[in-house]
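Please look at the model with the points below at hand. Each point names its residues, and you can find them as you read.

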Amino acid sequence: MDYRELFKESNKEVEERFLLTRERIEEIAAGENNGMNEKIQNYFKKTAQLLKKCAEDFVCISSDVWKSRSFEQLKSENALFYQDILPQNYGHSFADPAFAVQELGEEFGRILSFLYTELRSERAFVFEQNLEKITILNELFLEIYCMFEEGDVTYKQIKDTIYWFLYDYADDWAGYRVRELVDPALDFATSIIMDSALSDLTYLYSYGDYISEVEIETAKFLNSLTEEEISQIAETFTEGYRRGFELKGVDVSKKDTVNIRYPIGFERVIRAAIRQFADMGLKPVIYREALNTLNKRQNLRIGYISTDPNPQYGYDHRFDNAIYLDKRMIDRKLSCMRKAYEEYEQEAAGFAGPACFEVFGEEPFEPVNKPESYHLSERQQILSTEYSSLSNELLNEFINQEERSFTIIAYPVPSIGENFPEIFEEIRKVNTLDNEVYKEIQQNMIDVLDQSEAVHIMGRGRNMTNLMVALCDLKDASKETKFENCLADVNIPVGEVFTSPKLKGTNGLLHVTEVYLNGLYYKDLKITFKDGMIEEYSCANFPDEEDGQKFIKENLLYNRETLPIGECAIGTNTTAYVMAEKYGIMSKLPILIAEKMGPHIAIGDTCYSYCEDVRVYNPDGKEIVAKENECSVLRKENPKKAYFNCHTDITIPYEELSRITAVTVRVVESEVMHDLAEERVEIPILLDGRFVLEGTLKLNEAFEG
């Protein structure tokens, strides 16, 4: 189906309103003299020119004129739209709150920067041919313009206008986002993937997203691979998804849809994956990263994405919701979301979970904290965490977490360097390592850990880690196990054993000299645990220690005062580690791969959140019983205290490790008094970055070349 047909009726209903807004916007773009402050007028003129261009492009696409443009024409047009937010131009863009405040003043700068940013999202709706959303955004712009034109406008009036705009249209944003999550009929991206001639790279410009050389070179590279090679890459991805259901004992054939998240440029692989998912009876649900402020979660990008034209731009606007976030708005959003879930209840019930195809290779991003950016008040921070909990409860009400699964895999992009083709091939090999080899090695490790009361992790050199992680107890060691023997199924590549630790008794310091988490770079990250809860934290990203603590609280604790330890794992993929060292890409690896290359600690929920009652077994037949902790055990009586709706893995690389030991207590007889006493024994698993436990020594072969 032509995607334009989806909005044909609603577009017709708003066509007259759109034409009226277009005419007025063209007048403002021409620079009419209305006696307004010169700098304010310049802001509205520039913003109107952006909206005028969106209107023109909407007509071009709807009339198919767009299809007649050459690759170079489309490339030039794409660059023109995004040029003002690129790093070299951003400091003179109204999208930059610092520049906006400088130009427009303290009173109006921040909020008009927010407005400019929100209106930039029109480009997506231009390509999706959603005239209704374009029209209501145009109307918001004109309403605020008229307030300035009439004079004596205040910040509160603008803020109230934005607030009630978002409140009134919450169905169109928050409610519609729910539909995007579950309804395969919204097939804009699917149509591009399945119907385009992927050998003709003009298809890249069909999304409306920023297209850099990364997307172009990625697509060119994938076009050089054979169908067999493409199919194998896709099969590793889709088979991991299928095995996830197998491990949970869930029949995937009873599900209808799979959410595919991917980077633009990988369409050949995703097309093959869609066909393979179809063989499982699953249709794709593919949605764009959130663009509207009501749907964003800080600066996280979830959905299909392209290269970020400027990570600082998203970071500067991560808390724009401070403009409107209050209890009434949260209730309104949840009400609209519930209404949408009820309308698409059948689609939600058939949702099988996400399949995430990620990329890596970009330069690590070190953000600049700008005082001109919005920040949440203490009350809003509390409301934000409450909303996160309530929205997840709502999702779980309509999508049974026990009946869904996921998979995630990652590949490099050309920005990783001149060795991109070689690194791509090495990652392909890493992603397809032999499960059977690792299954046996990891089981040897688990056999020792199952007899232990704790895991002791210590750093060396600059790394000051000294962390004792308490383990759960087993009632019947012949049938139960504490650690999952994690192979290449939902979490690709192979290579870790992990558990949900006990909180009480988990104490000490986790230190990583540098790490890249959720798109942000952390230097000398230190987290201290007391009985499993974060007690202190710091990093060296900023000269002022308080700025570093604020950075961690916002981006790792998501504005909470504390989080529990949710996971303790030992990564065993030394092959990936040696490969990363060989090509000098350690700092560019995603946590998905990095977590398999050393021990890692996760903060937030356990790996089994919302699925604690699903019985899970290791390949040896033993049931995994360490699936909850002292927080998640509260899930039936108080879900708000049980779950935190986040899970962030933090890995210590092998070269920063002094030791990992399994700590056990044994009863011994005193030589002098001949009475019985308890003695703590630490069994080494890894010493000075190398595995020493019997049955795991094969892992060191990768280090030896």
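Start with exposure: a residue is buried under 20% relative accessible area, exposed over 50%, and partly exposed in between (1.4 Å probe, protein chains only). Areas come from the Shrake-Rupley method with a 1.4 Å probe, and for residues only the protein chains shown count as cover. This is a predicted model, in which local features need pLDDT of at least 70, side-chain atom pairs count only at pLDDT 80 or more, and totals for chains, interfaces and linings use all residues. Residues are numbered from 1 along each chain as its sequence is written, and side-chain values use heavy atoms, with hydrogens and water left out.

1. D152 and its backbone. D152 has a positive phi of about 55°, although D152 is not a glycine. Most residues other than glycine have a negative phi. D152 sits in the loop between helix 8 (131-150) and helix 9 (155-168). Helices here are DSSP runs of H or I with at least four residues, strands are runs of E with at least two, and both are numbered from the N terminus. Is D152 buried or exposed? D152 is exposed, because its relative accessible area is 79%.

2. N645 and its backbone. N645 is not a glycine, and its phi is near 60°, a positive value. N645 lies in the loop between helix 24 (639-642) and strand 16 (647-651). N645 is buried, with a relative accessible area of 11%.

3. A cis peptide bond. Which residue is joined to P493 by a cis peptide bond? The partner is I492, and omega is about 15°. Most peptide bonds are trans. P493 belongs to the loop between strand 8 (484-486) and strand 9 (496-499).

4. Cysteines. A disulfide is a pair of cysteine sulfur atoms within 2.5 Å. How many disulfides does this rule give? The count is zero. Take C146: the closest cysteine sulfur is in C54, 19 Å away, so the two are too far apart for a bond. C146 is partly exposed, at 31% relative accessibility. C568 is in no disulfide either, and the nearest cysteine sulfur, that of C607, is 11 Å away. C568 is buried, with a relative accessible area of 1%.

5. A salt bridge is a side-chain nitrogen of Lys or Arg within 4 Å of a carboxyl oxygen of Asp or Glu. The whole structure holds 43 salt bridges. One of them links E26 and R22, with the closest N and O atoms 3.4 Å apart. E26 and R22 are separated by about one helical turn, because they are four residues apart in helix 1 (residues 8-29). E26 is partly exposed at 30% relative accessible area, and R22 is partly exposed at 23%. Another salt bridge joins E246 and R242, at 2.9 Å from N to O. E246 and R242 are four residues apart in helix 13 (residues 227-248), so about one helical turn separates them. E246 is exposed at 53% relative accessibility, whereas R242 is partly exposed at 27%.

6. A network. Salt bridges that share partners join E612, D613, E628, R635 and K636 into one network.

7. A buried pair. Which residue meets D183 in a salt bridge? The partner is R179, at 2.8 Å from N to O. D183 counts as buried at 6% relative accessibility. R179 also counts as buried, at 18%.

8. A negative patch. D544, E545, E546 and D547 form a negative surface patch. Patch residues have over 30% relative accessible area and no salt bridge, and like charges are joined within 9 Å. Asp and Glu count as negative, Lys and Arg as positive, while His and the chain ends are not counted. The place of a charge is CG of Asp, CD of Glu, NZ of Lys or CZ of Arg. D547 is located in helix 21 (residues 545-555). D547 is partly exposed, at 32% relative accessibility.

9. A322 and G105. A322 is in the loop between helix 15 (311-316) and helix 16 (327-343). A322 is buried, with a relative accessible area of 10%. A322 and G105 are 217 residues apart in sequence, and their C-alpha atoms are 19 Å apart in space.

Definitions and conventions
Patches are made of residues with over 30% relative accessible area and no salt bridge: like charges are joined within 9 Å, nonpolar side chains (Val, Leu, Ile, Met, Phe, Trp, Tyr) within 5 Å.
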